[in-house]
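Work through the exercises below with the sequence and the model open. Each task is followed by a solution in steps.

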Amino acid sequence: MLVLRDLQKKYTRFRLGYLWTLLEPLGMSLVLWLVFSVLLGARALGLQPYLLFLSVAILPWWWFSTGIGASTRIWRRTGTQLRISTLPTQLWVVRAMLVSLIEFIFSLPVILLGMALTGFLPGPWIVMFPVAIVVQFLLMYGLSLLIAAAAVVFPDVARLVRIVLRAMFYLSPVLYSVSNIPEGAQFIASFNPLVGVLGLYRVGWWPEEASTATGYGISLTLCLVIFVAGVLVFRKLEPRILKEV
Amino acid sequence: MSRVAIATDLDAVVEFDSVTMRIPRRRRRRGSGRRQRLRRIAGEVRREELEVLSNVSFSIQPGESVAIIGPKGPGRQALLRLAAGTLRPDEGQVRRGRRIVPMIEVARALQRFYTVRQNIFIVGGLLGMTHEHIDEALPGIAEQAGVSNMLGRYMNAAPPAVRQKLAWSIAMSVDADAYAIDQTLVVGERSFRQQCWTHVDKLRENGATFLLSSDSPKQFRRFCGRALYIADGRLQADTTVPEALAAMRAARKEARDADGAGEGTP
C-alpha cells in the first residue's frame with residue numbers, strides 16, 4: 001500500500017510529460033524507419049511492415065533501457081529515504097522498476113497507431129504479448145537488483161552500464177529479426193535474454209519469428225536465472241548497501 | 001512488511017550483543033609527490049573503513065531514557081541506526097523487542113519537488129505510519145511545524161528551519177513505544193524546542209523508551225536516567241548522566257594535556 005502511494009507521488013512528476021512517453025518512442029521508430037527502410041532501402045532487414053516491426057520492439061527496448069539506467073541511480077536519488085525507513089530494501093528497486101513499467105504501459109498506444117497506419121493486425125499468438133511483459137519485468141527486476149547492488153560496491157558501474165546498454169541495442173533484434181542473424185551466430189545470440197523477450201512480443205504479428213524455439217528456450221531460461229541471481233546477490237549485499245548509502 | 005525482525009520473546013527494547021560496526025569513509029588522496037598529486041587530480045578517492053563500534057554490548061529496558069554521549073563522529077549515529085534497524089552490524093547481534101522509530105536525518109528525506117503535504121505522506125509512510133493514520137495526524141503535524149498555510153506548496157519553498165521542524169513533527173506522530181533520536185533533529189527557536197521536550201516528557205510518562213544521541217549535556221540531564229559513553233568505538237561507561245559526563249570531561253582534559261605535552265617536548 002505504501003509502495004502505491006509512493007508511486008503515485010512519483011508519477012505526478014511524470015504526468016506533465018505524459019505526451020512525451022508517447023512521442024519519444026514514436027519519434028525514435030520514425031527516425032530508425034526512415035534511416036533503415038527509406039534511405040538505405042534495406043528491404044532485407046526485419047519483416048514487413050517495417051514501421052510496425054520496429055515500434056513493437058522499440059517500446060520494450062525503451063522500457064528496458066530507462067529501467068536499467070534508473071537502477072544505477074537509485075541510491076543517489078532516494079538514498080536519504082532509505083536511511084530513515086525500515087521497509088525492505090528491495091522495495092527501492094521495485095519502485096524504480098514499477099515507474100518504468102507504468103511508463104511503458106502508457107506508451108503502448110504507439111503500437112496501436114502503428115497498426116492503424118499499416119493496417120496489419122496480429123494473429124492469435126498475440127496472447128504472448130502480456131507474457132512477454134511479465135518475463136521482461138522479471139528480467140529487469142533481477143538485472144537491476146544486480147546492478148543496484150554492484151553500483152554500491154563499485155560506483156563505476158553506472159558508466160559501464162551506459163556503454164553496455166548502447167551495445168545491447170545493436171546486439172538485440174530491435175532493428176532486425178532473429179532470422180537476419182547468420183545461422184552460425186544464432187546459437188550465440190540466444191544467450192542474449194532480450195532475444196527471447198523481443199521474440200515473444202513480435203510473435204503475435206509474425207508467427208514465423210518463433211521458428212528457433214530452442215534459442216528462445218535458452219534466452220528465456222536465462223531471464224529466470226538472472227532474476228534468481230539478482231535476488232540472491234542483493235540479499236547477500238544488503239548490509240553493505242545500507243552501510244554505504 | 002519490514003526488514004527488521006522483532007523478537008517478541010525479548011523483554012528488553014533493544015539488546016546489543018558484542019556488536020562491531022565498520023563504516024566506510026571516502027577520503028581524497030593526500031600527500032605530496034607526483035604520483036599522489038596525479039591521483040588526486042584524477043579524483044581518485046581512497047576508501048577506508050573506520051571501526052566506529054567494537055564489541056559493544058548493552059540492553060535497554062522498556063521505559064528507560066538513555067543518553068548516548070561521546071565525542072563527535074559517526075559512532076553515535078551508527079549506534080542509533082543499528083538500534084532502529086536501518087543498519088546491520090558487521091559482527092555480533094542486535095535484537096529488538098519493540099519497534100524503534102529511527103529519528104535520524106529525517107529532514108534530509110524530505111524531497112524538494114514534492115509538496116509539503118506529499119512529503120508528510122511519504123516520510124510518514126517510510127517511518128511506518130499507515131495512510132489513514134497520516135490522514136488523521138496531518139492537521140496536528142502541520143500545525144506543530146507551522147506549515148498549515150503552505151501544505152500545497154513545494155518543499156523548496158520552506159526554509160531549512162521549517163524542514164527540520166516538519167521532520168520532527170512527522171517523526172513524533174508515529175505511534176511507537178521506542179524512539180531513537182539524533183540530537184540534530186531538535187532545532188529551531190526556543191519555544192519549538194521547548195514544545196519538543198514537553199512532548200517527549202508526555203510520551204515518557206506513557207512508558208515510551210528513548211535513545212538520545214547528543215553532545216550538549218544540558219538537554220538530557222533533565223530526563224535521561226542512564227547514559228552510555230562511547231569513545232573510540234568502545235563503550236567506556238554505562239552509568240548515570242552526571243557520571244558519564246564527568247568521565248567524558250576527564251577524557252577530554254587528558255587528551256588536551258597529552259597534546260600539550262606532545263607539543264612541549266620537541
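The exercises concern a predicted model, and they go from whole chains to single residues.

**Exercise 1. Describe the secondary structure of chain A and of chain B.**

Solution. Start with the counts. Chain A has 11 helices and 0 strands. Read from the N terminus, its elements follow the order α-α-α-α-α-α-α-α-α-α-α. Chain B has 8 helices and 9 strands.

**Exercise 2. Find the largest nonpolar core and the members that touch the most others.**

Solution. The largest nonpolar core holds 75 residues. The members that touch the most other members are Val66(B), Ala83(B), Val106(B), Ala180(B) and Leu211(B). With neighbours within four places in sequence left aside, Leu211(B) is in contact with Ile60(B), Val66(B), Ile68(B), Leu80(B), Ala83(B), Ala180(B) and Ile181(B). Apart from this core lies another, of 57 residues, with Ile58(A), Leu59(A), Phe104(A) and Ile241(A) among them.

**Exercise 3. Determine how helix H3 of chain A packs against H5(A), H10(A) and H6(A).**

*Step 1, H5(A).* Helix H3(A) covers residues 50–71 and helix H5(A) covers residues 90–107; they pack at an angle of about 155°, with their axes 9 Å apart. Angles over 145 degrees count as roughly antiparallel, so H3(A) is roughly antiparallel to H5(A). The crossing of H3(A) past H5(A) is right-handed. On the H3(A) side the contact is made by Leu59(A), Trp62(A), Trp63(A), Thr66(A), Gly67(A), Ala70(A) and Ser71(A). On the H5(A) side it is made by Val93(A), Ala96(A), Met97(A), Ser100(A), Glu103(A), Phe104(A) and Ser107(A).

*Step 2, H10(A).* Helix H10(A), residues 193–202, packs with H3(A) at an angle of about 135°, and the axes are 9 Å apart. H3(A) is therefore oblique to H10(A). H3(A) passes H10(A) in a right-handed crossing as well. Here Val56(A), Ala57(A), Pro60(A) and Phe64(A) of H3(A) meet Leu194(A), Val197(A), Leu198(A), Tyr201(A) and Arg202(A) of H10(A).

*Step 3, H6(A).* The angle between H3(A) and H6(A) is about 175°, with the axes 9 Å apart. This makes H3(A) roughly antiparallel to H6(A). The contact residues of H3(A) are Leu51(A), Leu52(A), Ser55(A), Val56(A) and Leu59(A). Those of H6(A) are Val110(A), Ile111(A), Gly114(A), Met115(A), Leu117(A) and Thr118(A).

**Exercise 4. Work out which residues of helix H6(A) are buried and which are exposed.**

Solution. In H6(A), residues 109–118, the buried residues include Val110(A), Ile111(A) and Gly114(A). These cover an arc of only 100° around the axis, so they lie on the same side of H6(A). Leu112(A) and Ala116(A), on the other side of H6(A), are exposed. Val110(A), Ile111(A) and Gly114(A) also take part in the contact with H3(A). After H6(A) comes Gly119(A), with a positive phi near 65°.

**Exercise 5. Identify the buried residues of helix H4(A) and what they pack against.**

Solution. In H4(A), residues 74–84, Ile74(A), Thr78(A), Gln81(A), Leu82(A) and Ile84(A) are buried. Within chain A, the buried residues of H4(A) pack against H3, H5 and helix H7 (128–153). In chain B, they pack against S5 and helix H3 (116–126).

Terms used
Residues numbered from 1 in each chain as written. Chains lettered and ligands numbered in written order. Predicted model: local features only at pLDDT ≥ 70, side-chain atom pairs only at ≥ 80, totals over all residues. Core = buried A, V, L, I, M, F, W, Y, C linked by C-beta atoms within 7 Å. Buried ≥ 20, exposed ≤ 12 C-beta atoms within 10 Å, placed from the backbone. Contact = placed C-beta atoms within 7 Å. Helix = DSSP H or I, 4+ residues; strand = E, 2+ residues; numbered from the N terminus. Arc of directions from axis to C-beta. Axes fitted to C-alpha atoms, helices over the stretch in contact; angles between N-to-C directions. Parallel < 35°, antiparallel > 145°, perpendicular 65-115°, else oblique. Left-handed = near helix turned anticlockwise from the far one by under 90°.
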